[in-house]
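Me: Could you walk me through this one? I'd like to know what I'm looking at before we go into details.

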Amino acid sequence: MRADRLVSLVLLLRQRGRLTADTLARELEVSTRTVLRDIEALSAAGVPVYAERGRHGGFALLPGFRTELTGLNHDETLALLAAGSGRGEQVFGLGPALASAMRKVVDALPESHQAAASDAAQRFLVDPETDLLSRRPVVDQVPGTAMIEVRRAVLSGRKLRIHYAATDQAPQWRTVDPIGLVTVRDRGYLLATRSGADRTYRLSRVLAAEELPEPAQRPNRVDLDRIWRERSARFLSGGDHVTALVRVDPVRREELLGTVLAVRAEDPDTDGWPRLEVTFQDARHAEWALWRLGTDAEALAPQSLRSALRERAATLAARYGA
């Protein structure tokens, strides 16, 4: 909305001082022409913004100008800044809104606390792009226009039409009653019902979406945590899932956990390697996940998984034996 963009523009100038039109356009994700129109609108509304010409020119506010926003105490501000320091653009497509909210949070503080809060926020890093082994996380990519429609339908309580690409199937249009959105390990899911039956859709497989005018058939109040637990339990109890007992080097434990569907139990072993009862998508998934860990993991059960790994190792040894 333009009103939100105008507020963000003012806050950017307040917090950073003089900025060029190109810089403002990048920050606000609009064109330079839009920024110039917004500057004119602010001037017409009485906001003391002025232009400086020349090599180091740009737009700035008159000294002493201050917006009036609700104040927050230091701990509240720090909590929001820490939460916003992660990859917010990946959370249901709310990245631009999060960046705007962070600017408002900083501006809400007394001037004497703004520098301290900004410095404190720099001491926190949430979910960096790589881990200590320089591995980049696999993050779902959701088309922005589709995510906007999904989010609108969830919040407005209207039916939703999605073009969904299920695994090993051609994309199809489906009309659903949206219940809520869930994010788990950088993967987003839409919880919904279709013709009264529970459905869970991976957001990265939603190719397009359209909010419909008809109201969704859903309860007024919802407990997403309970619904997610119930659907997770049903998911793990069906299909071709494989449950395995695995010993793993503590150094590679998190890497293993990043590939499994669920951890059912964990116990320490006498040699310092924990034993985990984990669930994989299927036998092929289990074999792949443990093979990539090499000698840093051992499948103790089921025997079929041990046999599959032994046969793969024997084939590889025979190939390189000569």
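Reply: Contact here means heavy atoms within 4.5 Å, and helices (H or I, at least four residues) and strands (E, at least two) are DSSP runs, numbered from the N terminus. This is a predicted model, in which local features need pLDDT of at least 70 and side-chain atom pairs count only at pLDDT 80 or more, while totals for chains, interfaces and linings use all residues. Residues are numbered from 1 along each chain as its sequence is written, and side-chain values use heavy atoms, with hydrogens and water left out.

Me: OK, what covers the buried residues of α10?
Reply: The cover includes β8 (242-248), α9 (253-257), β10 (275-280), β11 (297-301) and α11 (303-321).

Me: And which residues of α10 are buried?
Reply: In α10, which spans residues 283-291, the buried ones are His285, Ala286, Glu287, Ala289 and Leu290. Buried means under 20% relative accessible area, exposed means over 50%, and partly exposed is in between (1.4 Å probe, protein chains only).

Me: How many residues are in the largest nonpolar core?
Reply: The largest nonpolar core has 18 residues, and those with the most contacts inside it are Val246, Leu256, Phe280, Leu290 and Leu305. At least two residues of this core come from each of β8, α9, β10, α10, β11 and α11, and β8 gives the most, with four residues. A nonpolar core is a set of buried Ala, Val, Leu, Ile, Met, Phe, Trp, Tyr and Cys residues joined through side-chain atoms within 4.5 Å.

Me: What is leucine 256 in contact with?
Reply: If we leave aside its neighbours within four places in sequence, leucine 256 is in contact with Val246, Val248, Phe280, Leu290 and Leu293.

Me: Let's go to arginine 312, then. Where is it?
Reply: Arginine 312 is in helix α11, and it counts as partly exposed because its relative accessible area is 31%. Not counting residues up to four places away in sequence, arginine 312 touches Glu287 and Trp291. Arginine 312 and glutamate 287 are 25 residues apart in sequence, yet 9.3 Å apart in space from C-alpha to C-alpha.

Me: New topic: aspartate 177, buried or exposed?
Reply: Aspartate 177, which lies in strand β4 (residues 172-184), counts as buried because its relative accessibility is 6%.

Me: Which side chain does it make a polar contact with?
Reply: The side chain of aspartate 177 makes a polar contact with the side chain of lysine 159, at 2.7 Å, and it also reaches the backbone nitrogen of glutamine 217 at 3.1 Å. A polar contact is a pair of N or O atoms within 3.5 Å; within protein, one must be able to donate a hydrogen and the other to accept it, and residues adjacent in sequence count only if both atoms are side-chain atoms.

Me: Last thing, what about the backbone?
Reply: Most residues other than glycine have a negative phi, and most peptide bonds are trans. Here, a cis peptide bond joins alanine 301 and proline 302, with omega about 5°, and proline 302 is in the loop between β11 and α11. Serine 195 has a positive phi of about 55° although it is not a glycine; this serine 195 is in the loop between β5 (187-194) and β6 (197-202).

Me: Is serine 195 buried or exposed?
Reply: Serine 195 counts as exposed, because its relative accessible area is 80%.
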